[in-house]
Amino acid sequence: MAETPEPKPAMTDPQELLLAYLDHNQEVILRKLDGLSEVELRRSRLPSGWTPLGLLKHLACTERFWIRFVFAGEDVDFSWPGTAEQEWQVAPDETAAGTAAFFLAEREHCRQVAAAGSRDRLAARQIGQEPCRARPSLAWVLFHLLESFARHAGHLDVVRELADGTTGK
């Protein structure tokens, strides 16, 4: 498995660097899934029961929630997947290609929202519980997504090694 190069070390603009690392982690996640059989994409190797394809669906749902619902204030239909647990579950009729397309569509929407405003712009909706309830900045939302993507890419490292012995960054 070829490694995915990080953004160029000479980059200095924080927003450009943040978006480049989000894209980098997207590529890492998709690369780690590439080459897994349909069985392995749907197989859980961990006691918690999540699958690689379920993780990809979760990441798409996470980005949809933070970018579309919280930040942009869109009235996104959350009847699907329904609950936080269901976003990890992949139905037999949900294909790997369809789940990847959903993930890529949410990534593209994130890029568009991020390009349209400054990092200090505040979200349309508040998060958190009182008395700490607040509208997060675009910078906060993007860093939150970056942290989530990087953490889950590490989870896929372990699952991929258990599936077929493939290792790498």
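This is a predicted model: local features need pLDDT of at least 70, side-chain atom pairs count only at pLDDT 80 or more; totals for chains, interfaces and linings use all residues.
1. Aromatic pairs in helix 3. The structure contains four aromatic pairs, and one of them joins Phe65 to Phe69, whose rings are stacked, with 5.6 Å from centre to centre and 25° between the planes. Both residues belong to helix 3, which covers residues 52-71, and they are four residues apart there, about one turn of the helix. Phe65 is partly exposed, its relative accessible area being 30%, and Phe69 is also partly exposed, with a value of 24%.

2. A pair between two helices. The rings of Trp66 and Trp140 have centres 5.4 Å apart and planes at 55°, and the pair therefore counts as tilted. This pair links distant parts of the chain, since Trp66 lies in helix 3 whereas Trp140 lies in helix 5 (residues 138-164), 74 residues away. Trp66 has a relative accessible area of 11% and is buried, because the cut-off for a buried residue is under 20%; Trp140, in contrast, is partly exposed at 39% relative accessibility.

3. The ring cluster and a charge over it. Taken together, ring pairs connect Phe65, Trp66, Phe69 and Trp140 into a cluster. One member of that cluster, Phe69, also has Arg125 lying over the face of its ring, at 3.9 Å from the ring centre.

4. Packing of helix 4 against helix 5. Two packed helices are described by the angle between their axes and by the distance between those axes. For helix 4, which spans residues 96-115, and helix 5, the angle is about 150° and the axes are 11 Å apart. The angle makes helix 4 roughly antiparallel to helix 5, because angles over 145 degrees are counted in that way. The crossing of helix 4 and helix 5 is left-handed. On the side of helix 4, the contact is made by Phe103, Arg107, Cys110, Val113 and Ala114, while helix 5 contributes Leu138, Leu142, Leu145 and Phe149.

5. His152 and its surroundings. His152 is a residue of helix 5, and at 4% relative accessibility His152 counts as buried. When neighbours within four places in sequence are left aside, His152 is in contact with Leu55, His58, Leu59 and Trp88.

6. Which part of the chain holds Trp88? Trp88 is located in the loop between helix 3 and helix 4, where its relative accessible area of 24% makes Trp88 partly exposed. Leaving aside neighbours within four places in sequence, Trp88 is in contact with Trp50, Gly54, Leu55, His58 and His152, and Leu55 and His58 are also among the contacts of His152. The C-alpha atoms of Trp88 and Phe102, which are 14 residues apart along the chain, are separated by 14 Å.

7. Leu41 in helix 2. Leu41 is found in helix 2, which consists of residues 38-41, and with a relative accessibility of 8% Leu41 counts as buried. Which residues does Leu41 touch, not counting those up to four places away in sequence? They are Leu33, Leu36, Thr51, Pro52, Leu53 and Ala96. Leu41 and Asp23, by comparison, are 18 residues apart in sequence and 22 Å apart in space, from C-alpha to C-alpha.

Technical notes: Residues are numbered from 1 along each chain as its sequence is written. Side-chain values use heavy atoms; hydrogens and water are left out. Rings of Phe, Tyr and Trp (its six-membered ring) pair if their centres lie within 6.5 Å; planes under 30 degrees apart count as stacked, over 60 as edge-to-face and the rest as tilted. Buried means under 20% relative accessible area, exposed over 50%, partly exposed in between (1.4 Å probe, protein chains only). A charge sits over a ring if NZ of Lys or CZ of Arg is within 6 Å of the ring centre and within 35 degrees of the ring normal. Axes are lines fitted to C-alpha atoms, for helices over the stretch in contact, and angles run from 0 to 180 degrees between N-to-C directions. Angles under 35 degrees count as roughly parallel, over 145 as roughly antiparallel, 65 to 115 as roughly perpendicular and the rest as oblique. A crossing is left-handed if the near helix is turned anticlockwise from the far one by less than a right angle, and right-handed if clockwise. Contact means heavy atoms within 4.5 Å.
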